[in-house]
Amino acid sequence: MLGPVLETLIGGLMTGVLYSLVALGFVLIFKASGVFNFAQGAMVLFAALSFARLSEFMPLVIAFAFSVLIMIALAYAIEFLVLRHLVNQEGIILFMATLGIAYFLEGFGQAVWGSDIYKIALGLPTDPIFILESVFPGGLLIDPAELIAAIICAVMVLVLAVFFQVTRVGRALRAVADDHQAAQSVGIPLNQIWLMVWAVSGLVALVAGMMWGAKLGVQFSLSLIALKALPVLILGGFTSIPGAIVGGLIIGAGEKLAEVLLGPVLIRTFDLAGGGIENWFAYVLALVFLLFRPQGLFGERIIERV
Amino acid sequence: MDSGAHSPGSSEGPFGRNDSTGNYGMRAPSEQDIVAGNVLLAVENVSLAFGGVKAVAGVSFDIRKGEIRAIIGPNGAGKTSMLNVINGFYHPQQGRITFKGKPRAAMRPYEAALGGIARTFQNVALFKGMTALDNIMAGRTLKMRRGFFWQLLRFGPALAEEIEQRRRVEEIIDFLKIQHIRKVQVGKLPYGLQKRVELGRALAMEPDLLLLDEPMAGMNLEEKEDMSRFILDVNAHYGTTIALIEHDMGVVMDLSDRVLVLDHGVKIADGTPAEVQADQAVIDAYLGVSH
Amino acid sequence: MATEAARANTFPKLLMRNARLYAGRPAYRHKDLGIWQVWTWAQVLDEVRAFSVGLTELGLKRDGKVAIVGSNRPRLYWAMCAAQALGAVPVPIYADSVAQEMAYILDHAEVSVAVVEDQEQVDKLLSIVDRLPRLGLIVYDETRGLRDYDHQRLKSFADVQQLGRDRLAAGADSLQRWEAAVAAGKGEDLAIMLYTSGTTGRPKGVMLTFDNLVVSAVNGNLFDKLGPDEEVVAYLPLAWVGDHVFSYAQPFTAGFCVNCPESPETVSEDRREIGTTYAFAPPRIYENLITLTMVRMEDAGRLKRNMFRYFIAVARRWGEKILNREKVPLHARLLYRLGELLVYGPLKNRLGVSRIRLAYTAGEAIGPEIFRFWRSLGINLKQLYGQTEASVYITAQPDGEIYADTVGKPNIGVDVKIAENGEVLFKSPGVFVGYYKDPQQTAQTKTPDGWVHTGDAGFIDPKTGHLKIIDRAKDVGRLNDGSLLAPKYIENKLKFYPNIREAVVYGDKRDCVCAMLNIDLTAVGNWAERNNIVYGSYQELAGHPRVYDMLAEHVEEVNRSLAEEKAMAGAQIRRFLILHKELDADDGEVTRTQKVRRGFVAERYAPLITALYNGSREADISTEVTFEDGRKGMLSASVKIRDVQTVPVPAMEKAA
Amino acid sequence: MTIVFYREVGQFKTSYDADEAIFPIAQDRWSVIVLVAFAFLGVPLFAGQYLYTEVLIPVLILSIAAIGLNILTGYCGQLSLGSGGFMAVGAYAAYNLALRLPETNIILVFLFAGVMAMLVGLLFGLPSLRIKGFYLAVATLASQFFLEWAFARVKWFTNYAPSGSVAVGRVELFGVPIDTPGRTYIFVLAITVVLTIAAKNLVRGRIGRMWMAIRDMDIAAEIIGIRPLHAKLSAFAVSSFYIGVAGALWAFLRLGSWEPLAFDVNRSFQVLFMIIIGGLGTLLGSFLGAAFIVLVPIFLNQLPSWLGISMSTAAISHIEFMLFGAMIVLFLIAEPHGLARLWAIAKEKLRLWPFPY
């Protein structure tokens, strides 16, 4: 019994890393511009689509390079066309704006790149690996593709974390997050900062998109899967990078385990047509969590000043 | 507008107001009053800190029925924090607050409101999206009882209640002389008028204790005079007990019966305007701080 | 109806008649607490009766005097009627007069009861009450802020009414007694005493009888066909004969409704809501409305502004003709229709004058431009010449005979003649009894055979048969070179420029004509904004060289127009200055009705006048001023003086 | 012709009742009365199948949903992305009641739908006491996904229909079958009118002021004695009721047969877009927004044929997405108060004419 569970746990953790990556995109933008970027999911879809279609008629590396350029261009467009017109608006307004952006991107992406399901062949090894055969009969099955994906993401996550903590720009970003005026007085043009974070999170989206794409093919539903990052954020706290990472892992593992362990129970008790608990488990988990610790695992506590 | 909230101590009986400058004989209650339980609110050795920062440190004072009580002090003296403690925004780490003779546990602002405490804010806190009329009407929420389904129909009792409350609110509008802006969105009003509307909203609650946080901040002389007049009239006409924070010393001395002086969260003086003015500690605290 | 009124020959009687005839119709509306409170004639009778009986209870006697102080509120009008019902005499007093002025009138009129609006007035009275032994009772309408006052001599209107109601409830006898008192009232009884803030000296108490007022009012109603359906907004001072006739005498006789505004700020708002049909105002009001309109249109988009200008031009060209039912080409009619749709209609709607059937201007000459503007919009604005001593009506313009520069024909029952010195005399049913306690003033004004000296110089215009007023008789003078000088006539020409609020012209027994001007803060201030001229104060703006330039042009235009009229050509303005402060009633420089006290101003600003005539470029002046709250202070300034072009006139025409 | 510009001279109020009327200005009052009368009597004279089923009925039903969300988001300031889920609750509640108690009067069925949605709404509204802004948005999103899942998986809800899709039989009111588009339209219109009036009464009364107070400044609201819990939950309840009813109407009278997908997260966004474009915090906005959202796709579908070019439906739906996305951003930047505000400004201009606004 333990074997399968561990298997799922590992699988879940791997997905979790992907969640973390997407969540990181949110955190980046939220920290730097206080914008809750609902369009992150759409960006993932858009990036994945671009890469998938480009890679059809050019080497992966070049396709990747182009995709990066596209994402940067996109970041620029968003900053130029939307954000700078909404400076010092309430967060909720900006949030709804990103909702609009999300819609636009989904439409635009599919209009440009088409709306079928596209494969991404990263040429990763596919034959399964078995580990801990000594411990478990038959050992635990691990899909190397996922493993590699997870590792790439993990690296990405680390890089970003370091980038934030150490580099000058990173600190600048944090400054902005704390106080816009302050940041400006330090002599950092706000627009550039925003441009940068959007570009970076675009990059993140691209990587995430590629990984997902490689896993389940590039399709519209990507943008929804990416929404999973929302509960991750609530769990981890909107402003915390470690939070995003841990939250991602918890959610990833949690929902897989729930599917396997809780699923059958529910199915039996409520006479369900199949499980599919993952669709909501993350959210409800986050929701319950919210009630007890609104500021998330790592988020700073907000004191209401009057 | 006769509110049930009039405290007996308020109507000035013999001391008729025989000039227009608004000086009400001697009101500051005697010891007997206090024995007679005429203290409306007592604050005992209250302390409040944010993280490490002490906002208020072991402050004690009382507010007596029917008086106008001023709280003054240099910036960052903890005046506003004091008000926030009184109407339940902050919960002091230590100390005791007794309102209407009942010592009270930590309570939410709306509970304070239920108890009869109203207030205005340093930088106007009106409902920007609503008209002056609606803002003041909102102040009467507690006075309105009609349930949901009557509201749905807006008929019979609900309508009657709405109209009754509107009449009362109109009396306040009349009282504050803001008829001409009745239906203007408060966001569009000049600052002085916004302050007046906010006062109106507080009055609509028919409070026993009215907390005013710098009611005259950013006003020109004329507006200040009007506002002073309104505050005195509120105190005289509705018998409302008033505690106000104000920087304009002239105003404080004219209006208040007793003055509490805070500095860096500590009480440095408490007494009649004259006494406080003479107090050395106060003078020192204010050195360099010109108002 | 005339006969009806003849039977009911006092206002209390008229009230009872109206309570019968128009029982259910609105008599008074007052915007209070956000809505229009309405009283029907029947209700008004009840209110008045209650208050009246209450007053008897409190010892008000026949021939007692009752002061009425405050803004236009139903209860204050009712107080007048309540007093009259008992044979007592109401004495309205300007609400904005300072304590001293009040003290004088209260004492002179031997007032025993004062009915006032609110705390402000009560405070004023209390501050002088020691000097007024006779004043036994003060009744206030607005209770606000008064509840802690010492109530020995103080009562609220409601309390007095309650007293009356209790008494009436106690027994039918008091009702009979009251009605008897009303019945006892006779036409020749004294109805009211109006203190005219005469342009010189102490106010005089003009005594008017019921016959004076009722008959003039009835004649006025006939003259303009006013019935019970009119709506008037009462916003002018109660103590002014105009208001007394237009929002008391005429409503009572014709039975129409009087509407009292919520507050001074909301008058125009309230006027729009009510949709007044019969309006009366001094020229200044019509002027301000236009100034405001023009100022606001400056901010409009170019297209709209041009459209506005175009159609206003159309109106100027054709509007009056159409209003006067003259022959007008079809295309003009159509254009005007379009204008009505796009501009005039909406504009009148905004200004709240859409429903006006008849509007009067009086008290002063109105600028022909302004006069025509209103008429061109289709508002039937007419001129009227009247006096307190005449219960208003002397002459008025009949419909269809409207001229900007005349004051019309004698009203029904009025005779007018011109004395040798050019002074206008009249005789009418409205002629006052006399000035209270002032026989020789009375004798000076009123000849034994009943003719009254108006003190105005004028002449009957040969072609129209209308009366024309040129100036106060005593002010018509001559320059040293003998040319005729009618200062008011010139001042009016000056004041017709929106930028000039007030003008005082001197020159009698002097070598040349000089003028002191007041700028209009609204107009000039706005002009300054548009030409981004910065100014900190009225004084600074008034002293600004570019303002001087602008006004100099105006003055020169006036000179040109003067040059065209033989009689006046000699008296052109040589030099002028702009005063550093507005002429103010509180400083006694103008009357409460905004008439300049020329003599007083001359004394007050003597240094300036000397400077005007000794050719100096500027002069220092310091004067005492009174602030709103009654405090006094010194205001000093140095005022520049300007020379202006005059149009040379052939010598032989001088001394015409 | 005088209706072109307002003529308000002579309109004065002698009672608070009149002063607080929904349309204090006579001109407005009359034009609305005429409009409604026309909707009931005039439209049926000329409207055809297409107009009914593709335009009028959808607009009306979605307006109800929009009013619901507007009460929560526009008036009380609580952002919700769960409308789709609550519509689903209404739809399935109605379905099951009609299924299991076939005799129930259709009005009761819809009421029941509303009430069930209300209860669920209250449940998912609870977090709003602790959390604000997009935290709450995420919470509501949770309800959306959970409900979607529940109706897809819990067989009982769908009466064990193998395909998971359900269908309703003929709807009838007091024996009168509501089967023709014309009748459906009148029925929906009647419900819309009633619900709109009720909503108007709520938002202009004590409760509405409570909501708006919370929206504009919750701190100040609390010190005048408004319980945040009370205000927010009541907003959630009323809002969900309206959305639930809308869901039931949509399922019964628009779709007839449906599966959970009909109420997926995109439906939530659709309703949210309606109130953003239409105008937050105005009932008028709810209608304008609904009309806009319904008409634009129709227009887009017609456009190619008018222009004589052919376009795949997929492409059109993509353009639709882009357009809505762009519109949202545009409105948030240019006119955060939406179409309703534009309308209001136009009206003010007419009132002030010829003076500038």
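Predicted model: local features only at pLDDT ≥ 70, side-chain atom pairs only at ≥ 80, totals over all residues.
Taken along the principal axes, the C-alpha atoms of chain D fill a box of roughly 65 × 55 × 45 Å. The radius of gyration of chain D is 21 Å, and this agrees with the value near 21 Å that a compact globule of 357 residues would have, because the globule rule takes 2.2 Å times the number of residues to the power 0.38. Of the 357 residues in chain D, 50% are buried. When contacts in chain D between residues at least 6 apart in sequence are considered, 76% of them join residues at least 24 apart.

Chain D also takes part in a contact with chain A, to which chain A brings 40 residues and chain D brings 38 residues. On the side of chain A that touches chain D, helix H4 (91-113), helix H10 (229-236) and helix H12 (278-292) of chain A each supply at least two residues, and H4(A) gives the most, with 16 residues. The residues on this side of chain A comprise 29 nonpolar, nine polar and two charged.

The table sets out the make-up of the two sides.

| Side | Nonpolar | Polar | Charged |
|---|---|---|---|
| Chain A, touching chain D | 29 residues | nine residues | two residues |

Notes
Residues numbered from 1 in each chain as written. Chains lettered and ligands numbered in written order. Contact = placed C-beta atoms within 7 Å. Helix = DSSP H or I, 4+ residues; strand = E, 2+ residues; numbered from the N terminus. Nonpolar A, V, L, I, M, F, W, Y, C, P; charged D, E, K, R; others polar. Buried ≥ 20, exposed ≤ 12 C-beta atoms within 10 Å, placed from the backbone.
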